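Here's a quick tour for anyone opening this structure for the first time. Have the sequence and the 3D view side by side, and let's walk through it by topic.

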Amino acid sequence: MRLFGRKDADEEAGGPAEAIAGFWTWWQEARPRLDTLLGAGDAEEVEKLLTPAVAAIHPGLVYEVAPGKEAAHALVVTAAGDAELRSLAHRWAKAAPPPDLLWEFHPSRQANPMALEVTLDVGGYAFALDKLTLGLRVPRNQPRVDVAAYHPIFGELDDDTRMETTLLALDWLLGEDDVARWVGEITAVTFEPIDAVAAVHLPAVVADVASGYSEEEWVLMEGQTGTGAPLVATARHPLRPVDHPLFDQHIAITLPYAHRDESGLPVGDSLAALRDFEERLAARLLKLRDDAVLAAHLSAEGHRIIHVYADPTSEAAIHAKELIVGWEEGEPRVDVSADPAWTAVAPFLT
């Protein structure tokens with residue numbers, strides 16, 4: 001397997017859609033040459049062809065050519081953990097041609113069923129995954145597994161190399177998306193944890209944790225605004241951008257309410273009106289199930305802010321603007337912006 005990427009290039013030229021279309025036009029022309037080079041085992045020339053083509057989509061993307069699940073080869077173009085680029089990688093894969101016997105395409109690293117048979121050269125040392133052990137901790141009532149990774153060569157490596165190697169190993173064990181979903185704190189340690197287990201057990205532990213979150217849940221939270229006013233929020237749980245990689249449009253619906261208690265929270269007729277609005281919004285979003293999701297809402301100081309994330313090609317923003325027309329308690333508004341990392345709801349992310 002070959003792994004490449006460019007992180008230090010200038011910003012991409014042109015829009016994402018144009019860059020993606022340009023890549024697939026290039027692919028049609030370059031593929032015969034790539035097939036020949038791979039057949040000859042000439043990885044260096046493959047790199048020379050693919051590196052500038054992927055960088056033209058965005059210089060922060062990373063790619064690898066790996067064995068495919070069904071095809072002979074898989075081309076993976078990934079954001080490599082950069083939430084700002086995840087939707088771009090998924091749009092690249094969505095625009096890909098159908099897989100065939102030779103090629104398939106993925107926007108994130110896939111779990112490798114032969115991972116424990118892989119040995120890499122890392123800084124001149126042999127990194128064999130079958131010698132990787134993990135200290136695993138599942139925080140109470142949290143949908144995640146914290147991982148402390150140990151390998152006999154880690155004492156010979158610098159901190160950055162240890163972490164990069166650990167992240168790559170976890171991607172091969174679980175798949176990159178499941179690492180983002182279920183793995184919390186990651187450390188690469190130079191002494192084996194007392195309760196360490198062989199890395200082969202990680203998928204089973206993660207599957208057990210995931211089984212407890214198969215149903216849609218919402219959590220109620222209380223806090224304070226920056227000015228110290230009481231705040232009440234409700235958020236989807238777990239709430240993770242990786243579950244909705246194409247939803248990089250943030251739609252913030254702000255509804256002022258007239259009836260509030262001494263803390264500034266809605267009561268009486270205002271509370272009923274807010275619930276009615278959200279029911280109508282949920283009904284609209286249900287029709288856009290594959291295009292939008294209600295992420296969270298919060299109430300404080302006489303305003304409720306509802307956070308929706310959507311595919312920008314959907315009509316979610318139009319629906320939101322239509323719904324606020326009938327709001328009678330003050331002047332509502334809808335703000336639409338690009339937010340691929342879901343920074344607007346960062347306090348609620350799992």
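Start in helix α1 (residues 16-39), where Asp35 and Arg31 sit four residues apart, which means about one helical turn separates them. Their side chains meet in a salt bridge, with N to O at 3.1 Å. Keep in mind that this is a predicted model.

**Salt bridges**

- How many salt bridges turn up in a search of the whole structure? The search finds 18.
- The general idea is simple: side chains with opposite charges can pair when their charged atoms come close.
- Helix α2 (residues 43-57) holds another pair, Lys48 and Glu45, which are three residues apart and so about one helical turn from each other.
- The side chains of Lys48 and Glu45 meet in a salt bridge at 3.3 Å, N to O.
- Glu45, at 26% relative accessibility, is partly exposed.
- Asp146 and Arg137 form a salt bridge too, and their closest N and O atoms are 2.8 Å apart.

- As background, most peptide bonds are trans, and most residues other than glycine have a negative phi.
- Which two residues does a cis peptide bond join? They are His237 and Pro238, and omega there is about -5°.
- You'll find Pro238 in the loop between β12 (230-237) and β13 (249-256).
- Glu301 isn't a glycine, yet its phi is positive, at about 50°.
- Look for Glu301 in the loop between β14 (292-300) and β15 (303-310), where it is partly exposed with a relative accessible area of 40%.
- Trp342 is another non-glycine with a positive phi, this time about 55°.
- Trp342 lies in the segment after β16 (333-338).
- With a relative accessibility of 1%, Trp342 counts as buried.

**The largest pocket**

- What volume does the largest pocket have? About 940 Å³ of space lies in it.
- Its lining takes in 42 residues, and the closest to the centre are Ala80, Gly81, Arg109, Leu167 and Asp171.
- Several elements each supply at least two lining residues: β1 (2-5), α3 (86-94), β5 (119-122), α4 (159-174), α5 (176-182) and β9 (183-189).
- Sorted by class, the lining of the largest pocket has 21 nonpolar, 10 polar and 11 charged residues.

**The second largest pocket**

- The second largest pocket has a volume of about 630 Å³.
- Which residues lie nearest the centre of the second largest pocket? Out of 26 lining residues, they are Glu216, Arg236, Arg289, Val293 and Leu294.
- For the second largest pocket, β11 (217-224), β12, α7 (268-287) and β14 each contribute at least two residues to the lining.
- The lining of the second largest pocket divides into 12 nonpolar, five polar and nine charged residues.

Note on methods
Residues numbered from 1 in each chain as written. Predicted model: local features only at pLDDT ≥ 70, side-chain atom pairs only at ≥ 80, totals over all residues. Heavy atoms only, no water. Salt bridge = Lys/Arg side-chain N within 4 Å of Asp/Glu carboxyl O. Buried < 20%, exposed > 50% of the residue type's maximum accessible area, 1.4 Å probe, protein only. 1 Å grid on protein atoms, 1.4 Å probe; cavity = no way out; pocket = protein on both sides within 12 Å on 5 of 7 lines; lining within 4 Å. Points joined across faces, edges and corners; volume = space filled by probe spheres on them. Nonpolar A, V, L, I, M, F, W, Y, C, P; charged D, E, K, R; others polar.
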